[in-house]
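Me: I have a model open here and would like to talk it through. Could you help me with the details?
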Amino acid sequence: MAGMTVAEKILSRHAGRPVAADELTVIDVDAAMMSDTTAPLAIKAFREMGGTKPWNPERTFLVIDHASPAPNERIARLHDIMREFSRETGAVLYDVGEGICHQLMIEDDRVRPGEAFFGADSHTCTYGALGAFATGVGSTDLAAVMLTGKTWLKVPRTIRLEITGRIRPGVEAKDLALAMVGKLGFAGATYQAVEICGEALVPMSLDERMTIANLGIEMGAKAALVHPEGLELPYDFDASAISPDPDASYVRELTIDGAALRPQISKPPRPDATVDIDELIGTKVDVAFIGTCVNGRLRDLHAAARILEGKRVAPGVRLMVSAASQKVFLAAAKDGTLATLTAAGATFLPSGCGPCVGTHLGVPGDGEVVVSTANRNFRGRMGNPEALVYLASPSVVAAAAVAGEIVDPADLED
Amino acid sequence: MESRFTGRAHVYGDDIDTDRIIAGKYTKTLNLQDLADHVLEDLDIDFRSKLTKGDVLVAGTNFGCGSSREQAPLALKVAGVSAVVAKYFARIFFRNAINIGLPVLEVPDLEADSGDEVEIDLKAGVVKNLTKHTEYRASAMPQVMIDILDQGGLVAYLKKNGTYDASAL
């Protein structure tokens, strides 16, 4: 038998037999997660299926993050459905303000390398950062996981993406992630897994790996698995279980020259419309947003603070910042980052997904230009179809906030 | 579920994301009619007024990319769309549509214009453009998806079967 990819290894363990790409299989699921966008429908479907208690309440997670705190009574009622379900069944609830689901699952040690994790949110692929086969599904699929502890799937073929060289100062994990989406395209990994590896990844922290795996779905990937070379976790793990065999078979192999990479920006309305920042220098900006499951972690706030230290946001520009979790917010409060950003004119929003997905706070006006650290810039994504959203790294967003237009952060420091 | 039906085509392009099928600001509800009222709003503001119950949505590649929101196929279904035919679908949308009982057919070479009369035979996996007198074969689906759709969705399928049967894939 040929060697296995990471997806084949993990799924074989969960199928209880060796499985290879293109095979249909039923697997045991380790954990399930849903947000306030998807949980109410999932709970309804679960009950209609005849479910009373999830197969494993300790590993069933409900996170109130998409419209949090509730902006109106309709959504308050949906949040109550989640609280009630948690009380009744013992499923684990993260309530208003605790943070963004994907940040919480990793920060709170809810997912581990080699696990099969299903989340009713497309960015569940983020946990590929630590070698979990993690994928997004809809509410009814998640209800079925709660009912049976299983799901069915087709074992994906795998694309191998190697990022050679070390990225240069001023270039961030987000730039790599955007370059990757630009290279493979919006549907470039549909139905497939992507293994991401190479010298550029080795020195990267878990936070940075999360930024990269997070954008896997922007290429349509079923899972985005970062190789474990250089991965540091606060517990022991078996790296061989989340590494491919040397003779694993790939459907496609690609490389990106990390050493040559410039800061990247994706133009509206497509995450794969990625260009070097140089093409967009001078683009006027109305709103700058730093946060989300891509770039709301402490190192992202630090990157922004380095740019904004002692400066003010340009007149007419609104800078919004949302820490990915309460823990991140507290750390930023303790180390002075919060003060630096606030002194520069930043408005802090609750930890959550609201602005990114257009459900709560920070909706841009007609014709306004937003630079955001998020992962999506579809038409209407931030709640107004007449706004334009550019995707970039925290440094590029912070620099744009200071300059009032897109600038290379390196030029700003001069 | 009725396995053979006809409807009028509404044709759109490639890469239609779930945000344009139903914007995030409308997804937080259990009132499915609310979803239907805003379906495809950011793609075509006139879609709702042009839609007649039973019409067929025809799209290009990567239909339903982006968010995992099941509200997207639900909005289409409740609004009265009888099926979606696309060159190919984004993975999560495809599963969601089957799970909620909205027929989806992958037809890589379909040619249709808005207003064409389209006949769909789910059992045979055949799409006919009655206006242009052309016939297309849809890509085969795994048996488990055919069974789920046949029962009207995953809720009914699991109520009947209790769990997934690996031998029935």
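Me: How many bridges join strand 1 of chain B to strand 5 of chain B, and do they run parallel or antiparallel?

Reply: Five bridges join strand 1 of chain B to strand 5 (residues 117-121) of chain B, and the two run antiparallel; strands here are DSSP runs of E with at least two residues, helices are runs of H or I with at least four residues, and both are numbered from the N terminus. Within that pairing, Phe5(B) has Ile120(B) of strand 5 of chain B as its bridge partner. Please keep in mind that this is a predicted model, in which local features need pLDDT of at least 70, side-chain atom pairs count only at pLDDT 80 or more, and totals for chains, interfaces and linings use all residues. Residues are numbered from 1 along each chain as its sequence is written, while chains are lettered from A and ligands numbered from 1 in the order in which they are written.

Me: What is the strand order of the open sheet in chain B?

Reply: The order of its seven strands is 4-3-2-1-5-6-7, with mixed pairing, where two strands pair if DSSP finds at least two bridges between them. Strand 4 (104-106) and strand 7 (134-137) of chain B are the edge strands, each pairing on one side only.

Me: And strand 2 of chain B, are its residues buried or exposed?

Reply: Val56(B) and Val58(B) point one way from strand 2 (residues 56-59) of chain B, Leu57(B) and Ala59(B) point the other way, and all are buried, meaning that 20 or more other C-beta atoms, placed from the backbone, lie within 10 Å of the residue's own. Strand 2 of chain B runs parallel to strand 3 (residues 83-86) of chain B, with four bridges joining them, and in strand 3 of chain B the bridge partner of Ala59(B) is Ala86(B).

Me: Switching topic, how many residues of chain B are in contact with chain A?

Reply: There are 37 residues of chain B in contact with 47 residues of chain A, contact being counted if the C-beta atoms, placed from the backbone, lie within 7 Å.

Me: Which helix of chain B gives the most to that side?

Reply: Helix 5 of chain B does, with five residues; helix 1 (18-21) and helix 7 (154-161) of chain B are also among the elements that give two or more residues.

Key
Contact = placed C-beta atoms within 7 Å. Buried ≥ 20, exposed ≤ 12 C-beta atoms within 10 Å, placed from the backbone.
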